[in-house]
Amino acid sequence: MNLILLGPPGAGKGTQAKRIEESRGLVQLSTGDMLRAAVAAGTEIGKRAKEVMERGELVSDDIVIGIISERIDQPDCARGFILDGFPRTLAQAAALDDLLAAKGRTLDVVIEMKVDDEALIERITGRFTCAECGEGYHDTFKRPQVEGKCDKCGSTEFSRRADDNAETVRARLMAYYRETAPLIGYYFCKGTLRSIDGMADIDDVTRQIEEVLTDIARAA
Ligand code: ADP
Ligand code: ADP
Ligand code: ZN
């Protein structure tokens, strides 16, 4: 099964993608994670993306389309993938349609995660991750069970993203409304859109997504 988690920054895409990855044996493909890895490694793509990401703007379509096209061909994606943070523009969505068609693959469902704007800002400014395993946390909504220690791997090192600050959040939300929100209409018209309440607590959101996936699998 191949799906897209669609929603604004902070909607909970990464949190839920990791859970579905485990429950359904799919691979999470996060263009944000891939770009941050490229920046950290200092690759040519990383150099081109770094400042754009720090400003909260979108990196160019050709960069992310290239990254995704290559990644989908890897053997671990054969069983299916969860796109998290891609596509983000109508041009990316059209390119995805073309490249899936060329590879003889299909998109099963696009799950829109609806979250209030005020909540997004709070979610992003409180977000941090385990520096060792990447498990996601939140200052208020998801603290480690033992203070200062990762639930998953026991590491005591955590990190915060350079772009997760109050100033950049607004630029990122603006980019979302200008460039990405039109995808909701795009996928509605194609008949692949399903919407869920992303304001519910983390476990409840997972349940809603699992329901959609079960439904889609049954219909297939
Ligand atoms: P995205 O990948 O869409 O940008 P994340 O999954 O990183 O979003 O979630 C953003 C922040 O909000 C994280 O700190 C995460 O722990 C927290 N979070 C995710 N889902 C929920 C939820 N349903 N309720 C409250 N906080 C949440
Ligand atoms: P979030 O889900 O919190 O918005 P991401 O990790 O998905 O954050 O993305 C971080 C940054 O990486 C974005 O602000 C943007 O600069 C860049 N980026 C990630 N995915 C894309 C994409 N598909 N197209 C353009 N830029 C992207
Ligand atoms: Zn960890």
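Reader: Which ligand 1 atom does a polar side-chain atom of R127 lie 2.6 Å from?

Author: A polar contact is a pair of N or O atoms within 3.5 Å. Here, a polar side-chain atom of R127 sits 2.6 Å from an oxygen atom of ligand 1. R123 also has a polar side-chain atom 3.4 Å from a nitrogen atom of ligand 1. One caution: this is a predicted model, where local features need pLDDT of at least 70 and side-chain atom pairs count only at pLDDT 80 or more, while totals for chains, interfaces and linings use all residues. Side-chain values use heavy atoms, without hydrogens and water, residues are numbered from 1 along each chain as its sequence is written, and chains are lettered from A and ligands numbered from 1 in the order written.

Reader: How many residues surround ligand 1?

Author: Count a residue as near if one of its heavy atoms lies within 4 Å. That gives 18 residues, with G10, G14, T15, R127 and Y137 the closest. Helix 1 gives the most to this shell, three residues; helices here are DSSP runs (H or I, at least four residues), strands are E runs of at least two, and both are numbered from the N terminus.

Reader: Which residues of helix 2 are buried?

Author: Buried means under 20% relative accessible area, and exposed over 50% (1.4 Å probe, protein chains only). In helix 2 (residues 31–41), T31, G32, L35 and A38 are buried. Seen down the helix axis, they fall within an arc of 125 degrees, so they line one face of helix 2; the arc uses directions from the axis to the C-beta atoms. Exposed A40 and A41 are on the face turned away from the buried side.

Definitions and conventions. A polar contact is a pair of N or O atoms within 3.5 Å; within protein, one must be able to donate a hydrogen and the other to accept it, and residues adjacent in sequence count only if both atoms are side-chain atoms.
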